[in-house]
Amino acid sequence: MLKKYGIGILFTFVAVILAIVVQLLGLLDLANYKFLDYNFQLRGPLSSWASHQENPNDSLDVVLIDVDDETFRLLGEIGWPYPRGKIWDAAIKNLADAGAKVILFDIQFDTRDAHTARVLSVFNGILPEGYSDGDKAIADAILYAREQGTEVVMASTIKTELSSIPPQILVTPNEFIMEVNPDHGLVDIDEDKDHFTRRYPVFGAMTHEPDVWRPSLAMKAVKYFLGIDDDPGLSYDFDEGEFTYGPLTIPTYGTDYPGFLTNIYGPASHARIGQSEPWQTFKRYPLAWIIDTENLALPVPDEDTDWMSQFDSSGTFNSMMLMMDPTWEILASPFKDKICVVGVSVEVFHDYKSTAFFDYLGAPTLMPGFEYHANATQTLLDQNFIRVFGRTIELTSDSAAQHILLILLCGFIAYLIIAFFDPLWGGILIGLEAVALFSISVGLFTTDHLWFFKWLSGNSESINVPNPGESYFIPIIAPLLVMVLTYVGNVLYKFILEQRDKHFLKDTFGTYIAPELIDKMYEEKQEPKLGGDAGIHTAFFTDIQSFSAFSEKLTAEEVVELLNEYLTDMTDILLANQGTLDKYIGDAIVAFYGAPVPVENHEYRACLTAIEMQDGLDKLRKKWQSEGDRWPDIVHNMQNRIGIATGDMVTGNMGSAMRMNYTMMGDVVNTAARFEASAKQYGVYIQVLESTYEACKDEFHWRELDYVTVKGKSVPAYSYELIARKGELSPTYEKLLPIYNKGLELYRSQKWMEAKAAFIEADKLEDMFPFRPTNPSRVYIERCEIFNENPPGADWDGSWTLTSK
């Protein structure tokens with residue numbers, strides 16, 4: 001017992017080590033990433049939710065200003081890059097006038113304005129009179145925005161140039177823009193190994209200035225949106241693994257990464273997934289609309305609608321409407337008190353990110369890079385961080401203890417299941433363990449532990465949306481792997497052990513113990529021992545008619561060849577019907593049904609075996625006949641006799657302690673043997689005891705043979721000839737049986753001459769094929785003559801006593 005469970009525990013421990021090593025090598029990271037993405041998609045978009053606002057249907061704090069395909073078309077004559085003194089400065093001023101709180105640029109302005117640069121190159125570095133400098137125009141727009149209470153945050157990045165000293169440089173807006181000291185944030189974002197973007201940095205640092213923290217673009221946006229002072233600024237608690245920034249507490253993704261998992265609020269806003277209109281996770285406006293005012297005409301006159309003027313109370317349209325109708329309500333600005341993230345979604349610029357919603361609803365859609373900054377910004381504002389079990393998805397120094405503990409727990413539970421259940425139930429229960437872990441993990445992410453049932457019912461839309469900061473992610477791939485390895489390892493070990501034990505038993509006892517007994521011995525964990533069990537079973541005897549005559553016609557080798565072919569076919573039929581082979585005695589087969597393994601309807605199976613053996617022998621006869629003169633006529637006409645009897649018997653190991661055989665003993669066994677032998681006296685080939693007949697009389701066609709006392713017995717018993725399966729009676733027998741049964745009725749009424757006449761008529765229908773010595777009708781003709789001369793008397797019970805086997 002200790003060895004058995006000890007080996008199982010060892011296999012489980014090996015499975016745990018393998019799962020840990022595989023996770024440590026990062027081979028499971030991709031699967032865990034995809035599981036995280038699945039959690040996002042199952043939870044669904046948060047685009048209609050904003051817990052920080054009283055109205056949950058109101059828009060989020062961030063809106064998108066998009067250089068999209070429409071903008072590219074409308075401003076096509078101007079050409080990219082757009083002139084900063086005409087387009088970008090107008091965008092800044094218009095958004096400031098519309099009440100934007102923060103304008104965030106995910107566009108680099110590190111080089112000189114292209115339009116200004118071209119003019120300077122033509123005029124030897126001096127701008128002509130009346131031509132404004134595009135970069136200075138942006139600087140002036142930034143100053144104007146500040147006066148309106150709007151802060152503009154520009155994009156910066158850390159670039160690595162190995163030829164430079166130091167190798168990293170901070171790239172900021174050019175010097176002309178920086179003259180007005182606009183703030184800027186890093187736009188650098190790392191990808192995971194599957195090239196998906198899931199994390200966002202709080203800050204970046206250059207290798208030669210590791211202690212100088214340069215906040216990211218989203219952090220700068222939050223600073224100005226919430227009015228966070230630089231004193232004390234950003235701090236980090238190593239014990240808790242959290243940044244503190246003003247009112248914000250930001251849990252980091254492990255100690256080695258200065259950032260967090262971005263809570264993606266939904267698919268890309270420009271995507272049309274399952275609908276005709278863009279998804280609009282964040283409210284999104286083309287840049288062309290933002291610059292479309294009364295003061296700037298779009299290059300396409302038909303689409304010059306002065307769109308931004310509808311929010312301006314001093315604009316011509318609204319002024320006229322107010323003069324005509326003092327109750328006229330001016331449309332509220334969608335940009336008021338918002339963070340406006342400006343970026344590019346035109347495909348040719350390839351500024352796209354693959355996120356959790358990449359293939360949402362089966363429609364692959366990339367997210368523009370500036371919208372990823374928007375998701376990170378909204379995550380920070382809502383404090384809607386995703387907590388990770390162990391702080392990292394990967395196996396790191398931060399997560400090692402928790403991840404290994406979970407792997408051990410899942411492996412131990414899997415081992416307990418496989419130790420106390422068979423492989424089938426063990427597999428089912430371990431599968432349920434995996435489903436439970438999967439369901440718990442998703443439930444913690446969605447904060448809806450009934451999600452699985454909602455999903456099964458096709459009502460996934462009703463799965464709860466978690467409140468800010470409530471989502472908790474458990475990487476479950478390694479625990480699932482350890483369940484599989486534990487199951488496979490233990491099942492393989494059990495299988496190998498079973499095969500070894502079975503081979504040992506077969507090698508040791510297979511020459512004199514039936515294969516069924518060996519299987520039973522293994523299942524019951526018992527060794528061969530003397531003794532038996534009493535029960536009601538069916539005995540089965542069969543041998544070849546007049547087999548001794550075969551030796552006279554065939555050589556010894558031919559006898560062996562013929563007998564092996566015959567016994568092989570007959571034994572296959574026996575075993576196919578769940579019979580237990582007891583022994584061969586020359587040409588005879590001794591068998592029984594119902595032991596050592598219980599068999600339902602063992603009487604029926606024994607009778608079916610007899611019918612199939614007759615059919616099988618008929619096929620053999622045709623085969624031998626087709627081989628021409630190879631076999632004599634006696635082989636071509638071979639017949640076998642069968643005796644079947646059901647009753648109390650003892651089955652078990654009989655013999656000595658050194659050599660034994662699983663066999664049967666009992667009075668009914670002798671009866672079956674006598675029925676097989678006495679069948680030749682009636683000229684029949686399957687003789688069955690009444691107890692067997694009663695159990696399956698409705699399944700076959702029968703002929704009552706006799707009420708007979710066989711040799712060696714003192715009590716008579718009814719015997720029957722088994723003729724055919726139900727529904728397969730030949731036309732000859734259909735005519736024969738009524739006549740025969742009438743004769744038998746007259747015989748038992750002691751009307752000898754009338755019975756004889758009936759049996760004579762029945763005899764004309766009997767099939768006297770070659771080597772059939774007699775038939776039941778002839779047997780009764782002879783008896784009628786005997787009893788007519790010597791009547792048995794009025795107290796005769798109808799029995800007949802056989803004086804020979």
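I started with the open sheet of three strands, ordered S9-S10-S11, and found the pairing antiparallel. Strands here are DSSP runs of E with at least two residues, helices are runs of H or I with at least four, and both are numbered from the N terminus. Two strands count as paired if DSSP finds at least two bridges between them. The model is predicted: local features need pLDDT of at least 70, side-chain atom pairs count only at pLDDT 80 or more, and totals for chains, interfaces and linings use all residues. Residues are numbered from 1 along each chain as its sequence is written, and side-chain values use heavy atoms, with hydrogens and water left out.

Strand S9 (234-237) and strand S11 (248-251) each pair on one side only. Neighbouring strands are turned by 25° against each other on average, direction ignored. I then checked S9 against strand S10 (residues 242-245): they pair in the antiparallel sense over four bridges. Tyr236 has Phe243 in S10 as its bridge partner. Helix H8 (residues 217-226) packs on this sheet and touches S9, S10 and S11. The direction of H8 makes about 160° with that of S11. Such angles run from 0 to 180 degrees between N-to-C directions, with axes fitted to C-alpha atoms, for helices over the stretch in contact.

**Cavity and pocket**

On a 1 Å grid over the protein atoms alone, a cavity is a set of points where a 1.4 Å probe fits but cannot get out; a pocket is an open set with protein on both sides within 12 Å along at least five of seven lines; lining residues have an atom within 4 Å of a point. A volume is the space filled by probe spheres set on the points, which are joined across faces, edges and corners.

I found one cavity of 30 Å³ or more. The largest cavity holds about 40 Å³ of space. Its lining includes Leu36, Asp37, Phe40, Arg198 and Ala356. Helix H2 (residues 29-43) gives the most to that lining, with three residues.

The largest pocket has a volume of about 650 Å³. I counted 26 lining residues, of which Gln614, Glu721, Ile723, Tyr733 and Phe769 lie nearest the centre of the pocket. Helix H19 (602-626), strand S26 (717-725) and helix H23 (731-748) each supply at least two residues of the lining.

I placed Thr692 in helix H22 (residues 690-696). Thr692 is buried, at 0% relative accessible area. Buried means under 20%, exposed over 50%, and partly exposed in between (1.4 Å probe, protein chains only). Beyond four places in sequence, Thr692 is in contact (heavy atoms within 4.5 Å) with Glu603, Cys607, Ile644, Ala645 and Thr646.

Strand S22 (residues 640-655) has twelve of its 16 residues buried, so S22 is largely enclosed by the rest of the structure. S22 pairs with strand S24 (residues 686-689) in the parallel sense over three bridges. Gly643 stands opposite Gln687 in S24.

**Backbone exceptions**

Most residues other than glycine have a negative phi, and most peptide bonds are trans. I listed the departures. The Trp80 to Pro81 peptide bond is cis, with omega near 0°. Pro81 sits in the loop between helix H3 (69-74) and helix H4 (84-97). Ser546 is not a glycine, yet has a positive phi of about 55°. Ser546 is partly exposed, with a relative accessible area of 46%. Gln578, also not a glycine, has a positive phi of about 65°. Gln578 is partly exposed at 41% relative accessible area.
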